[in-house]
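Have the model open as you read.

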Amino acid sequence: QVRLVESGGGSVQAGGSLRLSCAYSGVPFSRHNAMGWFRQVPGNDREFVAAISSNGNRTKYADSAQGRFTVTRDIVQNTMNLQMNTLKPEDTAVYHCGATRRTVAGLWVRSKEYDTWGQGTQVTVSS
């Protein structure tokens, strides 16, 4: 059984940085082809942030994350990381990581393409 555990959330002032991590365990990662970060605020649907292929060679970003966030894969540690810089109050949300079997990067933006999710980590950015 696959298990995803996020860490690294917290509170920061606007303009600050945070680094999120998602640890993948339970079965060999070869069952999935990519991992992604989504965020959610109460009352809204889960919103795509960034995704990366299992080998780390391909990435995809939401427009809101492009240029400020960087997603990476640590294959040895079996983790996915999200470095978030120049944070804004509108980045405040619960951030979830997910794993998908989809190989087409265009599908990584859709939450329904992910079959496994972590419990989420809160990110709060104050103005």
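## A buried asparagine

The side chains of N81 and S21 make a polar contact at 3.0 Å (N or O atoms within 3.5 Å; within protein, one must be able to donate a hydrogen and the other to accept it, and residues adjacent in sequence count only if both atoms are side-chain atoms). You'll find N81 in strand β8, residues 79-84 (strands are DSSP E runs of at least two residues, numbered from the N terminus). N81 is buried at 8% relative accessible area (buried is under 20%, exposed over 50%, partly exposed in between, with a 1.4 Å probe and protein chains only).

Setting aside neighbours within four places in sequence, N81 is in contact with R19, L20, S21, W37, T70, V71, T72 and D74 (contact is heavy atoms within 4.5 Å).

## About the model

This is a predicted model, where local features need pLDDT of at least 70 and side-chain atom pairs pLDDT 80 or more, while totals for chains, interfaces and linings use all residues. Residues count from 1 along each chain as its sequence is written, and side-chain values use heavy atoms, leaving out hydrogens and water.

## The aromatic cluster

Ring pairs link F38, F48, Y114 and W117 into a cluster (Phe, Tyr or six-membered Trp rings with centres within 6.5 Å; planes under 30 degrees apart are stacked, over 60 edge-to-face, the rest tilted). F38 and F48 pair edge-to-face, 5.5 Å centre to centre with 70° between the planes. F38 sits in strand β4 and F48 in strand β5, so their pair ties together parts 10 residues apart in sequence.

Y114 is buried at 5% relative accessible area, whereas W117 is partly exposed at 27%.

Technical notes. Helix = DSSP H or I, 4+ residues; strand = E, 2+ residues; numbered from the N terminus.
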